[in-house]
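Reader: Could you take me through this model with a few questions, giving the cut-offs behind each term as it comes up?

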Amino acid sequence: MSGCERAPRSPNSFSSSLPKSQEMKVLLLSPNIDVEHPLPVEFAKQGIAVLVANLPTQAWQILLMHGKSIDLAIVARECGGSDSEAGLNFVKQFKASPEHSDLPYLLLTEKLTSGECVAHQGSPLGANAYLRIPFTPEKVIKTIRSILET
């Protein structure tokens with residue numbers, strides 16, 4: 001394991017391995033990624049539906065609208081401009097919701113060190129996996145497939 005990558009976590013009821021015929025649906029919260037960014041473009045090529053939100057409030061509305069049909073969230077920790085915890089505040093919100101508390105998520109971070117990722121993973125808000133920014137779309141896809149196969 002290099003950098004802030006995947007830490008083992010027990011399986012959850014939200015998503016197990018998806019059948020090949022079922023399209024995966026991912027909620028992506030990041031102020032720096034839009035539908036023309038290479039990540040959503042690669043998701044589309046891989047048959048992964050992506051719902052993009054630039055703000056935590058948008059992500060919450062998407063989550064409420066799509067509910068349990070979302071297989072995984074990708075959250076940029078530093079997504080609120082001057083609020084470096086905006087992404088984590090969104091995580092707190094959905095983890096506190098009985099309908100979404102078991103939604104697996106990947107935390108993207110510019111600032112957390114490997115040690116901080118390990119410490120965060122052990123917390124109640126711990127992510128299923130961590131990736132440092134910058135990342136490649138291929139690395140993100142490999143990581144989310146790994147999360148959903150556990």
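Author: His100 is found in the loop between helix H3 (86–96) and S4, where helices (H or I, at least four residues) and strands (E, at least two) are DSSP runs numbered from the N terminus. This is a predicted model, in which local features need pLDDT of at least 70 and side-chain atom pairs count only at pLDDT 80 or more, while totals for chains, interfaces and linings use all residues. Residues are numbered from 1 along each chain as its sequence is written, and side-chain values use heavy atoms, with hydrogens and water left out.

Reader: Is His100 buried or exposed?

Author: Buried means under 20% relative accessible area, exposed over 50%, and partly exposed in between, with a 1.4 Å probe and protein chains only. Leaving aside neighbours within four places in sequence, His100 is in contact (heavy atoms within 4.5 Å) with Trp60, Leu63, Leu64, Gly67 and Phe94. Since the relative accessibility of His100 is 4%, this residue counts as buried.

Reader: Why is strand S3 (residues 72–76) largely enclosed by the rest of the structure?

Author: In a regular strand the side chains alternate between the two faces of the sheet. In S3, Leu72, Ile74 and Ala76 lie on one side and Ala73 and Val75 on the other, and both faces are covered. The strand is largely enclosed because five of its five residues are buried.

Reader: Which residue stands opposite Ile74 in S4?

Author: Two strands pair if DSSP finds at least two bridges between them. Strand S1 (residues 24–29) pairs with S3 in the parallel sense over four bridges, and there Ile74 is the bridge partner of Leu28. S3 is also joined by four bridges to strand S4 (residues 105–109), again running parallel, and in S4 the residue opposite Ile74 is Leu106.

Reader: How is H1 oriented relative to H5?

Author: Axes are lines fitted to C-alpha atoms, for helices over the stretch in contact, and angles run from 0 to 180 degrees between N-to-C directions. Angles under 35 degrees count as roughly parallel, over 145 as roughly antiparallel, 65 to 115 as roughly perpendicular and the rest as oblique. Helix H1 (residues 38–45) and helix H5 (residues 137–149) pack at an angle of about 55°, with their axes 9 Å apart. H1 is therefore oblique to H5.

Reader: Which loop holds Pro134?

Author: Most residues other than glycine have a negative phi, and most peptide bonds are trans. The peptide bond from Ile133 to Pro134, however, is cis, with omega near 10°. Pro134 lies in the loop between strand S5 (129–132) and H5.
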